[in-house]
Amino acid sequence: IAVLGMGVEGISTSKFLKKHGAKVTELDIKKDKNYLENLKRYDLVVRTPGLPLQKLITHNPKLITRITSHTKLFFDLCPCKIIGVTGTKGKGTTASLIYEMLKKEDKDAYLGGNIGRPPLEFLDKLNPHSIVVLELSSFQLMDLTKSPHIAVMLMTTSEHLDYHKDVKEYVEAKINILKFQKSSDFAVINRDYPASLESDIYSDGKVYYVSRERDGYEGCYIGNDALWILKNGKTTRIILNSQIKIPGGHNLENACAACMVADLYGVSKENMVSVLKIFKGLEHRLELVREIKGVKYYDDSFSTTPETAIAAIEAFKNPEILILGGSSKRSDFSELGRVISSAENIKAIIGIGKEWPKIKPKIKNEKLKIIEGAKDMKTIVQTAAKIAQPGDVVLLSPACASFDMFKNYKDRGEQFKKEVAKL
């Protein structure tokens with residue numbers, strides 16, 4: 001078996017296969033630029049999520065029946081029910097909330113995928129009564145031929161166009177989470193975004209909807225400043241919005257999705273509420289770093305798309321100082337520009353990175369203070385601190401990848417937190 005790509009998932013795959021007696025060859029572009037040549041000599045080829053399937057097939061057209069992935073192997077071998085969570089934003093938060101709610105109910109639950117651990121690492125611990133929660137990206141979904149027992153389709157917009165050839169291919173990859181469901185399965189779908197809403201036709205399972213804009217459909221929704229579940233004709237109020245610890249309107253959608261899944265697994269209302277009251281979110285996702293002299297500093301470095309930056313911007317009513325820009329993912333910044341131009345609470349933008357010159361022309365607001373030229377995180381944070389006043393929010397939500405100035409989004413977030421700690 002050839003394992004392609006020696007990242008976290010690749011190393012985990014290799015270990016698992018060796019443990020079960022396979023003869024494994026580890027191949028990585030860092031060690032060999034021609035690592036995709038001569039793959040036909042292997043019985044099975046396990047691709048890393050970062051390697052597009054199309055690229056692999058272009059190099060080796062006859063390989064298609066022999067290509068698999070860590071996720072695909074797990075789906076084939078898993079003895080228990082899987083809850084799969086996908087979407088452009090909110091996957092990690094929602095998967096974590098579901099996992100915490102199941103654990104609170106004393107279920108034998110495991111969290112894997114992009115967040116948590118590569119799932120083959122805990123496969124040997126599973127039994128038919130276990131429950132696995134997987135955060136699944138489009139890269140992991142694109143060649144799946146099985147769907148999870150409960151498929152969660154969150155906010156889905158355009159993303160990863162540096163990887164997928166177009167939006168259609170990206171959305172099609174996501175739809176695999178629903179495509180192979182049976183009538184005994186369930187789908188939990190966000191009604192508020194066309195791409196996710198229109199995907200309900202692909203599931204043969206029972207569909208529940210989540211929304212912060214509409215009610216009247218079986219599922220979980222936001223209304224009258226509270227979160228409600230409507231199921232089998234009965235409406236139950238679960239929690240007041242003000243009691244939910246994680247900030248931001250988009251996180252209300254994630255809380256809805258998590259509660260709906262938890263409800264399907266028989267988690268009590270009390271246990272859902274106790275998790276929502278204490279769960280403060282994931283690192284680098286709208287994470288409150290600290291408050292200094294009445295100014296709150298938020299690390300949302302995980303925001304690498306315009307859509308995620310919009311969600312972060314709209315999470316606050318306080319005056320905001322935004323840190324925007326980074327390296328390219330071929331994103332369209334028109335909507336982000338429109339939101340910033342019409343927002344009355346944005347007082348300044350610190351524009352950074354290679355993409356900033358593409359974002360800037362989309363912003364049509366003369367009153368906004370624009371600061372440019374900061375070449376490192378120390379300068380960025382100190383610049384923000386100088387102009388911030390009590391009651392302001394300083395928000396790192398770059399809407400772009402990080403590779404022009406930082407190693408990755410984690411490095412960008414860590415540097416931000418380090419510099420804020422020095423203020």
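Let's start with a question: which helices each supply at least two residues of the lining of the largest cavity? There are α4, residues 91-104, and α8, residues 249-264. Keep in mind that this is a predicted model.

Stay with that cavity for a moment. A search of the whole structure turns up five cavities of 30 Å³ or more. What is the lining made of, in terms of nonpolar, polar and charged residues? Seven of the lining residues are polar, five are charged and two are nonpolar.

Now to the other end of the numbering, and a sheet. Four strands form an open sheet. Read across, the order is β2-β1-β3-β4, and the pairing is parallel. Which strands sit at the edges? Those are β2, residues 25-27, and β4, residues 67-69, and each of them pairs on one side only. From one strand to the next, the twist averages 30 degrees.

Look inside that sheet. Strand β1, residues 2-4, runs parallel to strand β3, residues 45-47, and two bridges join them. Find Val3; its bridge partner in β3 is Val46.

Helices pack here too. Helix α1, residues 8-19, lies across β1, β2 and β3. Against β1, α1 runs at about 165 degrees. Then there is helix α3, residues 70-77, which packs on the sheet and touches β3 and β4. The direction of α3 makes about 80 degrees with that of β4.

Last stop: strand β9, residues 186-190. Is β9 mostly covered or mostly open? Mostly covered: four of its five residues are buried.

With strand β8, residues 150-153, β9 pairs in the parallel sense over four bridges.

To recap, then. We saw an open sheet of four strands, with α1 lying across β1, β2 and β3. And we saw β9, with four of its five residues buried. Over to you for questions.

Terms used:
Residues numbered from 1 in each chain as written. Predicted model: local features only at pLDDT ≥ 70, side-chain atom pairs only at ≥ 80, totals over all residues. Heavy atoms only, no water. 1 Å grid on protein atoms, 1.4 Å probe; cavity = no way out; pocket = protein on both sides within 12 Å on 5 of 7 lines; lining within 4 Å. Points joined across faces, edges and corners; volume = space filled by probe spheres on them. Nonpolar A, V, L, I, M, F, W, Y, C, P; charged D, E, K, R; others polar. Pairing = 2+ DSSP bridges. Axes fitted to C-alpha atoms, helices over the stretch in contact; angles between N-to-C directions. Contact = heavy atoms within 4.5 Å. Buried < 20%, exposed > 50% of the residue type's maximum accessible area, 1.4 Å probe, protein only.
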